[in-house]
Amino acid sequence: MRALAILLGLIFLILQGQLWLGQGSLPDLWKLQQRVAEQQQRNQQLRERNAALAAEVEDLKTALQAVEERARSEIGMIREGETFYQVADPALQESEEDTDE
């Protein structure tokens, strides 16, 4: 009976060692759970970004005003018959001239 108790105790200790220190142990599980949570957060950020991009694409496909706004702001286009005025900041021009010297 004593030998059986010792055997069961050893088996118990081996199983506890595997649980805490072996491959697939609780610390490994906790690390994996943390990585999964981080990846889920990143996926949510990417879903939100994709939704914003999809809305922008849809807007560009359907609304001519959005295309016009983008052309004006990004590449400086103007409509036919409009006059373009560029206002220069004199202080900025002076600082650029100082750096050229």
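A patch here joins residues with over 30% relative accessible area and no salt bridge, nonpolar side chains being linked within 5 Å. In this predicted model, one such nonpolar surface patch is made by M1, L4, L7, L8, I11 and L15, and covers about 660 Å². One of its members, L15, sits in helix α1, which runs over residues 2-21. With a relative accessible area of 54%, L15 counts as exposed, because the cut-off for that class is over 50%.

The fold as a whole is quickly described. The secondary structure of the protein comes to four helices and zero strands, and the order from the N terminus is α-α-α-α. The radius of gyration is 33 Å, well over the 13 Å that the globule rule gives for 101 residues, so the protein is more spread out than a compact globule. Along the principal axes, the C-alpha trace spans about 105 × 50 × 15 Å. Of the 101 residues, 4% count as buried. The accessible surface comes to about 9600 Å², and carbon and sulfur atoms account for 57% of that area.

Helix α2 covers residues 26-62 and contains R35. This arginine, R35, has a relative accessibility of 57% and therefore counts as exposed. Between R35 and A52 lie 26 Å in space, C-alpha to C-alpha, for a separation of 17 residues in sequence.

The average pLDDT of the protein is 83, and 91% of the residues score at least 70. Among the elements, α2 has the highest mean pLDDT, at 92, whereas helix α4 (residues 90-100) has the lowest, at 66. Where pLDDT is low, the predicted coordinates should not be read in detail.

How values were computed:
Residues numbered from 1 in each chain as written. Predicted model: local features only at pLDDT ≥ 70, side-chain atom pairs only at ≥ 80, totals over all residues. Heavy atoms only, no water. Helix = DSSP H or I, 4+ residues; strand = E, 2+ residues; numbered from the N terminus. Buried < 20%, exposed > 50% of the residue type's maximum accessible area, 1.4 Å probe, protein only. Patch = residues over 30% accessible without salt bridge, like charges linked within 9 Å, V, L, I, M, F, W, Y side chains within 5 Å. Areas by Shrake-Rupley, 256 points an atom, 1.4 Å probe, with all protein chains shown as cover. Salt bridge = Lys/Arg side-chain N within 4 Å of Asp/Glu carboxyl O. pLDDT = per-residue confidence, 0-100. Rg over C-alpha atoms; globule rule 2.2 N^0.38 Å.
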